[in-house]
Amino acid sequence: MTVVLEPDASQRSILQAMLHGSTAFADLGSLDEHIRSAANEFAVVIGPSVPSEAAAELAQWARVHRPDLGVILLRHEVDSTALSLALRSGMREVVAARDLAGITTAVQRARSVANAIGQTILDEAQAAAEFARAQAAAEIAEAAAVAQAEADAPRGKVLTVFSTKGGVGKSLVATNLGVCLAAAGRSVCLVDLDVTSGDVAIMLQLTPQRTINDLVGFNGVIDAEGISSILTHHSDNLAVVAAPVRIDTPDQASQEDVAKLIDALRRMVDFVVVDTSGTFDDFALSALDRSDGIILVGTLDIPSLKALKLAASTLEVLNFPKSTWRFVLNRADGKVGLTVEEYEKTLGLKADSSLVSSREVLAAVNRGEALVTAYPNHPNSKALVAFAKSVAASIGEPANADESTPSSRKPSGSRLRLRRA
């Protein structure tokens, strides 16, 4: 629509009659009120009787607030002064007041420009809305991806029991640690990486139908479903990935298989307890690389001290942080001319747990039963239970409030929790 501003009544009537459907006003105040409330106006024709200052003020306002509103200035004489005023204030056109055809043409051009500007504004609004929708969708997708990544992220803790000397009680510590954590309500998987002489299964009186070498049949796709098929269950919360029962098996798991196994288990259980061989082999290194805690085991004798000192030096060279190490001293009561204090000073580590020599230990091993279950009141059992709680708490898992020993706890009734890898 077109609006006419002209104080002179006769001139206003002529303009209104010529511009069919237009609305005419005699003063700027009424026009201003109308323009602010009528968004469909596309042209303002300022008659020749309107002072130049008022016309310029209206044009400047329209340029800022209503760019689609074309201001057309009518003057009796279209001279340089009128043209300069129009240029400075942003008027659309200057037309001679007696040029009726020119006025009509100017209004038509104002309509075309207004339509073009309106379409541009609409396009920009639609583009902005589309961008906002796309941005919102991207943010939702990113949030979903973050949530999925958090859901898929490893949650379990890996504890690797390690020593470079055999016969020091490494498997004893690993199996009892696993049993303690499971009895405290955590889901645990014991992984026996001593593929030539692993004892975890026999120490828990288990007869595995499948072993770690069955990973070969998965062709590198090692997920929760596949892993669950090779687990040997000891209790509701404790399962075992057993070492091979024969050393002449033609198909043997690779380092990559073992690495994928541990990564997948971290998504399936609360704790992965790894029993290693007595060397820094590929399997042991795969476990150590993924460990939240490294548990070193030694006995109170010079050969064990030497082996453990070399192991500790190697771990330092390989940049395994010392803050993750724990030290269990087995047979710490031996009268062998070497004190615990001398041992710790030479090794450079304080014992986090000390176990004493006892025939009950061998009796439990021979029965295929964890010491903490077979003899819950034995000093070694109490030491292992306390050590398990300390390790769990130190790596971010809260210690269980129940101070009872594993044998006195009732089964939790929960199955080994399997999280999708």
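Rings of Phe, Tyr and Trp (its six-membered ring) form a pair if their centres lie within 6.5 Å, and planes under 30 degrees apart count as stacked, over 60 as edge-to-face and the rest as tilted. With that rule, a search of the whole structure finds two aromatic pairs. This is a predicted model, in which local features need pLDDT of at least 70 and side-chain atom pairs count only at pLDDT 80 or more, while totals for chains, interfaces and linings use all residues. Residues are numbered from 1 along each chain as its sequence is written, and side-chain values use heavy atoms, with hydrogens and water left out.

**Aromatic pairs**

The ring centres of Phe-162 and Phe-280 are 4.6 Å apart and their planes stand at 50°, so this pair is tilted. It links distant parts of the chain, with Phe-162 in strand 6 (residues 157–162) and Phe-280 in the loop between strand 10 (271–275) and helix 10 (282–289), 118 residues apart. Here helices (H or I, at least four residues) and strands (E, at least two) are DSSP runs, numbered from the N terminus.

The rings of Phe-327 and Tyr-343 have centres 6.0 Å apart and planes at 10°, so the pair is stacked. Phe-327 lies in strand 12 (residues 325–330) and Tyr-343 in helix 12 (residues 340–347), 16 residues apart.

The table gives the accessibility of these residues, where buried means under 20% relative accessible area, exposed over 50%, and partly exposed in between (1.4 Å probe, protein chains only).

| Residue | Relative accessible area | Class |
|---|---|---|
| Phe-162 | 0% | buried |
| Phe-280 | 24% | partly exposed |
| Phe-327 | 1% | buried |
| Tyr-343 | 0% | buried |

**Cysteines**

The structure holds zero disulfides, a disulfide being a pair of cysteine sulfur atoms within 2.5 Å. The sulfur of Cys-180 is 17 Å from the closest cysteine sulfur, that of Cys-189, which is too far for a bond. Cys-180 is buried, at 7% relative accessible area, and Cys-189 is buried as well, at 1%.

**The whole chain**

The chain has 15 helices and 13 strands, and 46% of its 421 residues count as buried. Its radius of gyration, taken over C-alpha atoms, is 43 Å, whereas a compact globule of 421 residues would have one near 22 Å, by a rule of 2.2 Å times the number of residues to the power 0.38. Along the principal axes, the C-alpha atoms fill a box of roughly 125 × 45 × 40 Å.
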